[in-house]
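This report describes the chains of the model shown below, the contact between them and selected pairs of elements.

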Amino acid sequence: MPFNNKWFLVSIALALLIITYAGAGFSMRATDKPPFCGSCHVMNEVVRTQQRSIHAKLTCNECHAPQDSLVSKMIFKTRAGMRDIYVNTLGTVPDVIQAEPATKEVVNQNCKHCHLMTVLNIDMESKAYCTDCHRQVPHFKKLPIDQRRVANE
Amino acid sequence: MSSIRRLFSAVPAMPAAAVFLVVSLVFSGCTQIPEPQTPSYETKLEVTETGNKAFSEDFPLHYQSYLNNKDDTRMTEYAGSVPHDKHDGINPLPKGYKHAQPYLKNLWMGYPFSYEYKRARGHVYAIYDILHIDRINNYSEQAGLPATCWNCKTNKLPQWHETYGDDLWAMEFHEFRTQVDIDDNTIGCNLCHDPRNMELRITSAPFNEAMLRRGIDWKQASRNEMRAYVCGQCHVEYYFQDKAHGPAAKVTFPWDNGFTPEDMYEYYKDKGSTATPGFEGNFVDWTHAVSKTPMLKAQHPEFETWIDGPHGAAGVTCADCHMPYIRVDGKKKISSHHWTSPLKTIEQSCLQCHADKQPEYLKERVLFTQKRTWEQLLIAQENSVRAHEAVRLASEYEGERHPDYESLMIRARELTRKGQWFWDIVSAENSVGFHNPVKVMETLARSQQYSAEAVRLAVQAANYAIGPELEGDIKDIVPPIMEHSRKLQQSQAHLDSHKWLQYLPLLPPAEPVWDGQEKLR
């Protein structure tokens, strides 16, 4: 036998680990992105408005999931994903979808995370959220309704 | 050692799961987010279809939503859908309501509006309610009002207009009573939708013509604009055209100069054929029985009020708030066809754009505007009553008059007419100021100023001798007329019960000819 049995097993295991690692990484990234989130029709509108916004090049979860550590991101993302799947399949989708308080907190942290240099010497206690003043940022809500929502979605 | 082996045995499952995930992601991840495309339909209906029920088979969800207009039980703070006498602030619902304008019958004295004026219910009651309202003369073979009144009541109107042309308008109202089905022909689908494909369309000739005169062709309009235009077919100020200016009694919108009360007031100055000195050529809806003032009556100018308000100017349309998207039948998203106050659907209507606000906060903001509008509306209403009373007293004053008496009285009557027009524009409008807070407040301020100036001129015309009679609380000078109807006007005792009612002619005794669609005699 040309190969040592032990080395054969190790290289197989290594290959599997690489595939798993790459697959998990790919999945992690893909499920952060607008095309994935928008593949549920109830999310069409938010993706549509995000794609026209100043943050069009960012993924959904660059704002909508914690960026401080992989662990907190995983926990938050898993919980949000599970809830969305449940509501979309078994629950009742609200007529107008709004961010939950936990999401609003996370999004706000991410504003400050990226715009750190801007907020460094600003008193951030004046308003609860950045978007209280920067109202054009969240999903272009000021776009005429007929350009962002239609029946049957 | 055994634990390591167990770990290894799980290894083949991991790539399998990863591959599955990747494959499913590739498939779902390829989904492109479609541009918002209004669903297109192809029905088997004819373009001439009028019946509402005919649409229910293809559009059961929309039809069900439309039937929700039958709800006539829910009020908001200042308005709502429960029909009641709008001048009655004494009795509780359903007879009256806490927010009422007690002088409506006084201000419309001599005009059918003084017989009965109720809060409107939903579109599905349009035919039933017009067949039972006392404004139409049901005691006679002649309704006293033309077929024009069917406009915006029935989905058969476009068909009738096609059949009779502009002769339709001046035809006898009663002639059409039995030509409609109360439910199937009330305001409905075909008036806003092309039955073949459900595209939005305009079926109102008056709207089409008024917009063309403004240089706007609805056929070129964007979908966003159409979401307001379809409502603007009816929720507008209009008048019955004077026969000296075109087809008699034709519904016409006074928009040639613009959409402000002032623009429309100017428009009416040469659209009539009255010979009343000082008002020659003015359009006149009726002459006030007490002050003999040539009057204008305003009709629900929602479109004109909204169009340059905060929402209208920003391109937010009627349907955006009054027809919010709702999920029905599980998940399907449709536009609500239950037309009512968005105060009943704040989450769907307002939070669609005002996502950063709480429903309770938004409701308070609306009430902030409405409370202040309502207070000033009541003052404008009382000022108008005082103006009529001042003109009445001055016209009957027999002492020495001012040397310029005639011209002072013409000006006093003109400002009485104008003051009431500006009050009525707000009074008849459905939003109690919300559609355009600043314009509405300006309109009421002007109304109060015009009416106060009318009083001053009348007092001057009578050499200030009538001044003392106009001092004090208006409710003591001219009490509100709480009861008045066509039936009551057949009674001399009723006409003797209020000093203003004495100016009305006694009607000959008569029993009703019509009860709804039933001919009684």
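Read along the sequence, chain A of this predicted model follows the pattern α-α-α-α-α-α-α. Chain A accordingly contains 7 helices and 0 strands. Its radius of gyration is 20 Å, whereas the globule rule gives 15 Å for 153 residues, so chain A is more spread out than a compact globule. The C-alpha trace of chain A spans about 70 × 45 × 25 Å along its principal axes.

**Contact between the chains**

In the contact of the two chains, 39 residues of chain B meet 38 residues of chain A. On the side of chain B that touches chain A, the elements giving two or more residues are helix H2 (13-29), helix H8 (223-232), E5, E6 and helix H13 (346-349). H2(B) gives the most to this side, with 9 residues. By residue class, the side of chain B that touches chain A comprises 20 nonpolar, 10 polar and 9 charged residues.

**The hairpin of chain B**

Strand E5 (residues 325-328) and strand E6 (residues 332-335) of chain B run in the antiparallel sense, and 4 bridges join them. Within this pairing, B:Ile326 stands opposite B:Ile334 of E6(B). The hairpin has 3 residues between the strands, and B:Asp329 takes a positive phi near 50° in it.

**A helix pair in chain B**

Helix H14 (residues 359-396) and helix H15 (residues 405-427) of chain B have axes that come within 9 Å and cross at roughly 155°. An angle over 145 degrees counts as roughly antiparallel, and H14(B) and H15(B) are therefore roughly antiparallel to each other. The crossing in which H14(B) passes H15(B) is left-handed. Among the residues that H14(B) brings to the contact are B:Leu377, B:Ala380, B:Ala387, B:His388 and B:Val391. Those of H15(B) include B:Met409, B:Arg413, B:Gly419, B:Trp423 and B:Val426. The residues of this contact of H14(B) with H15(B) divide into 9 nonpolar, 9 polar and 1 charged.

The residue classes of the two contacts are set out below.

| Side of chain B that touches chain A | 20 nonpolar residues | 10 polar residues | 9 charged residues |

Methods: Residues numbered from 1 in each chain as written. Chains lettered and ligands numbered in written order. Predicted model: local features only at pLDDT ≥ 70, side-chain atom pairs only at ≥ 80, totals over all residues. Axes fitted to C-alpha atoms, helices over the stretch in contact; angles between N-to-C directions. Parallel < 35°, antiparallel > 145°, perpendicular 65-115°, else oblique. Left-handed = near helix turned anticlockwise from the far one by under 90°. Contact = placed C-beta atoms within 7 Å. Nonpolar A, V, L, I, M, F, W, Y, C, P; charged D, E, K, R; others polar. Pairing = 2+ DSSP bridges. Rg over C-alpha atoms; globule rule 2.2 N^0.38 Å.
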